[in-house]
Amino acid sequence: MSTVLSAAVSLTWTAQPGSPGFLFAGLEWRGSPGTAGRVAANLRRLGHVTFETVEGPSSGCDAERYSYTPELGLHRAAIAANGDVVVGEAALRALLERGEARETLARGLHRLLGTAWDDVLEPLRRGAHGAPITWLRRTG
């Protein structure tokens with residue numbers, strides 16, 4: 001990760017009492033647009049990790065979030081100023097053009113929104129069972 005951020009990186013890992021075996025580390029950085037995606041690609045190579053990287057908006061670039069679990073893989077979502085996931089017109093049109101049943105449409109929308117990733121990551125975002133909340137994100 002030091003290579004991606006062009007700086008030495010030292011993470012402090014803390015245990016998550018509500019999720020035995022889970023460790024968390026947080027890091028804030030400043031970087032060029034697209035850094036969160038490069039960080040996510042590098043973290044994915046670590047093996048059995050669960051993580052989220054968030055990049056704030058910058059000139060000409062929307063905010064985005066990369067969520068990853070070993071079971072689900074990587075999910076990228078554009079993020080609105082209020083934190084909502086933004087699904088683009090092209091993705092919605094592609095889903096509608098498949099012309100499939102209502103249940104399939106609902107599954108497709110949940111996939112675009114990253115619902116399965118949110119279900120896994122939400123307890124970790126809140127610091128389940130009093131554990132400290134830690135984040136890996138780009139700021140500024």
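I looked up L113 to begin with. At 34% relative accessibility, L113 counts as partly exposed; that class lies between buried, under 20% relative accessible area, and exposed, over 50% (1.4 Å probe, protein chains only). L113 sits in helix α4. Helices here are DSSP runs of H or I with at least four residues, strands are runs of E with at least two, and both are numbered from the N terminus.

The model is predicted: local features need pLDDT of at least 70, side-chain atom pairs count only at pLDDT 80 or more, and totals for chains, interfaces and linings use all residues. Residues are numbered from 1 along each chain as its sequence is written, and side-chain values use heavy atoms, with hydrogens and water left out.

**Surface patch**

I then checked what L113 belongs to. L92, L109 and L113 make a nonpolar surface patch of about 200 Å². For such a patch I took residues with over 30% relative accessible area and no salt bridge, with nonpolar side chains joined within 5 Å and like charges within 9 Å. Areas come from the Shrake-Rupley method with a 1.4 Å probe.

**Core**

Next I went inside. The largest nonpolar core has eight residues: W29, A36, V39, A40, L43, F51, Y66 and Y68. They are buried and joined through side-chain atoms within 4.5 Å. Helix α2 (35-44) and strand β5 each supply at least two residues of this core. α2 gives the most, with four residues.

**Helix α5**

Which residues of α5 are buried? In this helix, residues 115-125, they are W117, L121, L124 and R125. Seen down the axis of α5, they fall within an arc of 90 degrees, so they line one face of the helix. The arc is taken from the directions from the helix axis to the C-beta atoms. Their cover includes β4 (51-55), β5 (63-69) and α4 (102-113). Contact here means heavy atoms within 4.5 Å.

**Salt bridges**

I counted four salt bridges, each a side-chain nitrogen of Lys or Arg within 4 Å of a carboxyl oxygen of Asp or Glu. R65 pairs with E52, the closest N and O atoms being 3.5 Å apart. R65 is in strand β5 and E52 in strand β4, 13 residues apart. Both R65 and E52 are buried.

R65 also pairs with D118, at 3.6 Å between the closest N and O atoms. This pair links strand β5 to helix α5, 53 residues apart. At 22% relative accessibility, D118 counts as partly exposed.

R93 and E89 meet in a salt bridge at 2.7 Å, N to O. Shared partners join E52, R65 and D118 into one network.
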